[in-house]
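Student: I have a model open and want to go through it with you. Can we start with how the chains meet?

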Amino acid sequence: MTAATFTDKPAVSVPSYLMEEGSTLRSWLLTHDHKRIAILYTISITLFFFVGGAAATLIRLNLVTPQGIFEPGTYNRLFSIHGIVMVWFFLIPSIPNTLGNFLLPLMIGAKDLAFPRINLFSWYLFVAAGLLALFAVIAGGVDTGWTFYTPFSTMYSNSYVILAISAVFVSGFSSILTGLNFIVTVHKMRAPGMTWYRLPIFVWSNYSTAIIMVLATPILAITLALLAAERLLRVGIFDPALGGDPLLFQHLFWFYSHPAVYIMILPGFGVISEVIPCFSRKPIFGYKFVAWASVSFTAVSFLVWAHHMFVSGMSLYAGLVFSLLSYVIAVPSAIKVFNWTATLHKGWISFNAPMLYALGFIGLFTTGGLSGLFTANLAADVHVTDTYFVVAHFHYIMVGGMVSAYFAGLHFWWPKITGRLYHEWWARVAALLIFFGFNLTFFPQFILGYLGMERRYYAYPPEFQFWNVLSSAGASILALGYVLPLFYLSWSLVKGQRAGANPWAATGLEWRTSSPPPKHNFDVTPVVTRPPYQYRPEPEPQDA
Amino acid sequence: MHEVAPEEQFASMEQQADVAAFGMWVFLATEVLFFGGMLLAYAVYRGSFPEGFAEAGRHTKIVIGTVNTVILLTSSFTIAWAVHLAEKGWGRGVAVLLGVTALFGLVFLGLKGVEYYQEWDEHLVPGLNFQMEGPHGQAVQLFYFLYFMLTGVHGLHVTIGIVLVAVMAVRAWKGAFTKDYYTPIELTGLYWHFVDLVWIFLYPLIYLVGRSG
Amino acid sequence: MREYLPPRSLVLTWIALLGLLTATLTLAYVPMGIYNLIAGLSISTIKAALVVVLFMKLLDTSPIVRVAAAAGLFWLAFLFSLAATDYMTRVDSHIPIVERER
């Protein structure tokens, strides 16, 4: 009846993936093991998180006073670098390349991804792109915003545009290869008995994300190539003075970048869908709805891009079409939120750190999502576009949502990945600081936007100062919340209590192998016979 | 003939071959979108400046373009033939046909180079030496920008293809493939056919515009 | 020696492709207005179908591979059709697609 054809506690001590291939630098940099590659990515993106965070710190410092402290040109470079680094070098790779890389094969019962060498190559590309980006930053940065709008970026900007877009271009290929790997892996490498409807939602989410990565990113690549050629040759493909259309750039750019924001939230949905059931001791409510809602994003996310262009000069008819479609896309998100909430209902809730992050996610993501409805409304958007309202909207989703989900996942799977338990008390403190700090930082920005404060401005009218000061104060608390995990998580690597195979008594194949797992993941290929999230009745006692 | 074992993460050679082919098709889907972005630009500007594009089209080198199309179509034939022989395990035959395919590719690039040189000579290179009198100057320049981008990116893919095909030819000659294992040849074939497919669509869009005007 | 010869299906496909190339080239010189574009693209589509089915053997693959092959085109259609909602309906721009060039 039980699926256990493998033991929780191996009879002989098997070396984990951290040791088995050796522990030299060479063995790490040339590894084919998806788990090691996941760690390589984690280190890389953490570095970039702090680079982007440094830019954010300087931005919030500047906005404490109405006249600012930086030159306008400098300020432009700060928000551009913040956006570029956070989007392409932190958020897009975050969950998929760290948790996804590590867990996907484990969750489906496979020994590795379909193409391990392509996985490593994907990381090499990411590092190369990152170095280019750092070089661009150090050389003096770019001032076009992360959106590179033409004709400013092609004809007028005096900053390192081509260097910056080269970095993004290369990172795009890293993304495409990851997506390709995940799609093929989920279709072709599942263990016997692991049917689609037995997959954890984390897999469904990362699979959907992979489809978006593969279909959207090539458009970004060619758009940036056209931009670079235009900047070099001044031919007018995007310049009205020479017969071109600047909106063509925007159409092409947002055709990628809107689905990209779903790349930056769908994996988060996947993490939350694992954490909530575990800490409610209940299966996820409406499993098939949640699964298919994830997949629906692969199509619907491609149909709404021009809601970023309502005031750009495109036709009113197009505005109507895209506004309507943008309301439609609220539906799958709402389905998920309702289902997570219903999962909590009558659950046996415990408030461990991952759960605190997950609960915070539900509140923050929902707030962000609801504010999206305002921006989707053609008339309301005319008022709030290019104001702090939009800034608050997307930060609630990307930071309040995705980053919280990333931290939830990091804490939830930390024992599995590292074999150590982190210090629960400090983790809860960090989670609460982040939740409180985040709201203090970004809620005032909704108000500022509504009152009319423009985004991307280095200075503002004095009547906005009160809310800006609140926001910057919140940012300092948020920063503390983000720095804390660096300390207690690193500490746990050295001094943390050793974790058993399944400290949370969670369901899922990844919890059936040791913590940390051996290089080949499973001693015997698992055979799956039961649906996922079998929390009721309680699973058999695990060694903790 | 030695037994080839599947990579660690696969249960069988069959699974490995199946997975590899699937991966290549997913990659080709990304390439469709990569070229597709430029095609949107083409569609927008051709729709806005139909006479300008027709004028521009008449300046393209139809003889070179048509010969190049014949070359690519034939090279698709030779590589498909090579895959057919690979299925039977005829290593040397495969190598010869792959070599011929690569040669066709080189001729294609050579002719393209001649064509680019002619266009340079006629002052049709945007941003570098473009000069055109008449009311359609801007539109013709937009056409030629897209022409160089489309054929340039395509040419890059042809170059990569030639290298891949050549490497496979050498490996096939040395007996690396059997009738039970020839997946890399199959994948190279798929890639090469894709390069041909793109050209099949570029041909009328570049060379046949405005011919009846 | 005969085993080295190409199978008939491949040879016929190649000849058909060359034939279609001749057709598309010839038709281009016949004034047909908008139908020149339509004819050209239609013939290209047929040539592409021949390559995909007979050279790349797409129909012999599993369904999921065929879905992957179609996906690129399908999502590209999203780009073209929805961008058209803007380009076909603009009024105050120098890029009206519906109007003829000034």
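Student: How many residues of chain A are in contact with chain C?
Tutor: This is a predicted model. In it, 14 residues of chain A are in contact with 13 residues of chain C.

Student: Which elements of chain A each supply at least two residues of that side?
Tutor: α10 (246-263) and α13 (316-328) of chain A do. The largest share of the side of chain A that touches chain C comes from α13(A), with three residues.

Student: And what is that side by class?
Tutor: The side of chain A that touches chain C has ten nonpolar residues, three polar and one charged.

Student: OK, now the other interface. How many residues of chain C are in contact with chain B?
Tutor: 43 residues of chain C are in contact with 41 residues of chain B.

Student: Which elements of chain C give two or more residues there?
Tutor: They are α1 (8-28), α2 (34-55) and α3 (63-87) of chain C. α3(C) gives the most to the side that touches chain B, with 13 residues.

Student: Left-handed or right-handed?
Tutor: α3(B) passes α1(C) in a right-handed crossing.

Student: Which residues of α3(B) and α1(C) make the contact?
Tutor: From α3(B) there are B:Thr66, B:Thr69, B:Val70, B:Leu73, B:Thr74, B:Phe77, B:Ala80, B:Trp81 and B:His84. From α1(C) there are C:Leu10, C:Trp14, C:Leu17, C:Leu18, C:Leu21 and C:Leu25. The residues of this contact between α3(B) and α1(C) divide into eleven nonpolar, four polar and no charged.

Student: What about chain B itself, how many helices and strands?
Tutor: Chain B has six helices and zero strands. Its pattern along the sequence is α-α-α-α-α-α.

Student: What box do its C-alpha atoms fill?
Tutor: The C-alpha atoms of chain B fill roughly 70 × 30 × 30 Å along the principal axes. Of the 213 residues of chain B, 54% count as buried. Taking contacts in chain B between residues at least 6 apart in sequence, 76% join residues at least 24 apart.

Student: Back to chain A. How many helices and strands does it have?
Tutor: Chain A comes to 19 helices and zero strands. Its radius of gyration is 23 Å, close to the 24 Å that the globule rule gives for 544 residues, so chain A is as compact as a globular protein of that length.

Student: And what does the C-alpha trace of chain A span?
Tutor: The trace spans about 75 × 45 × 45 Å along its principal axes. Of the 544 residues of chain A, 58% count as buried. Among contacts in chain A between residues at least 6 apart in sequence, 85% join residues at least 24 apart.

Student: Pick a helix pair in chain A. How do α3 and α5(A) cross?
Tutor: The axes of α3 (residues 34-62) of chain A and α5(A) come within 8 Å and cross at roughly 165 degrees. α3(A) and α5(A) are therefore roughly antiparallel. The crossing of α3(A) past α5(A) is left-handed.

Student: Which residues are involved in that contact?
Tutor: α3(A) contributes A:His34, A:Lys35, A:Ile37, A:Ala38, A:Tyr41, A:Thr42 and A:Ile45. α5(A) contributes A:Ser94, A:Asn97, A:Thr98, A:Asn101, A:Phe102 and A:Pro105. By class, the residues of the contact of α3(A) with α5(A) are six nonpolar, six polar and one charged.

Student: Last one, A:Leu106. Where does A:Leu106 lie?
Tutor: A:Leu106 lies in helix α5 (residues 94-108) of chain A.

Student: Buried or exposed, and why?
Tutor: A:Leu106 counts as buried because it has 24 C-beta neighbours inside 10 Å, and the cut-off for buried is 20 or more.

Student: What is A:Leu106 in contact with, leaving aside neighbours within four places in sequence?
Tutor: A:Leu106 is in contact with A:Leu509, A:Glu510, A:Thr513, A:Pro517 and A:Asn521.

How values were computed. Residues are numbered from 1 along each chain as its sequence is written. Chains are lettered from A and ligands numbered from 1 in the order in which they are written. This is a predicted model: local features need pLDDT of at least 70, side-chain atom pairs count only at pLDDT 80 or more; totals for chains, interfaces and linings use all residues. Two residues are in contact if their C-beta atoms, placed from the backbone, lie within 7 Å. Helices (H or I, at least four residues) and strands (E, at least two) are DSSP runs, numbered from the N terminus. Ala, Val, Leu, Ile, Met, Phe, Trp, Tyr, Cys and Pro count as nonpolar, Asp, Glu, Lys and Arg as charged, and the others, Gly among them, as polar. A residue is buried if 20 or more other C-beta atoms lie within 10 Å of its own, exposed if 12 or fewer, and partly exposed in between; C-beta atoms are placed from the backbone. Axes are lines fitted to C-alpha atoms, for helices over the stretch in contact, and angles run from 0 to 180 degrees between N-to-C directions. Angles under 35 degrees count as roughly parallel, over 145 as roughly antiparallel, 65 to 115 as roughly perpendicular and the rest as oblique. A crossing is left-handed if the near helix is turned anticlockwise from the far one by less than a right angle, and right-handed if clockwise. The radius of gyration is taken over C-alpha atoms; the globule rule is 2.2 Å times the number of residues to the power 0.38.
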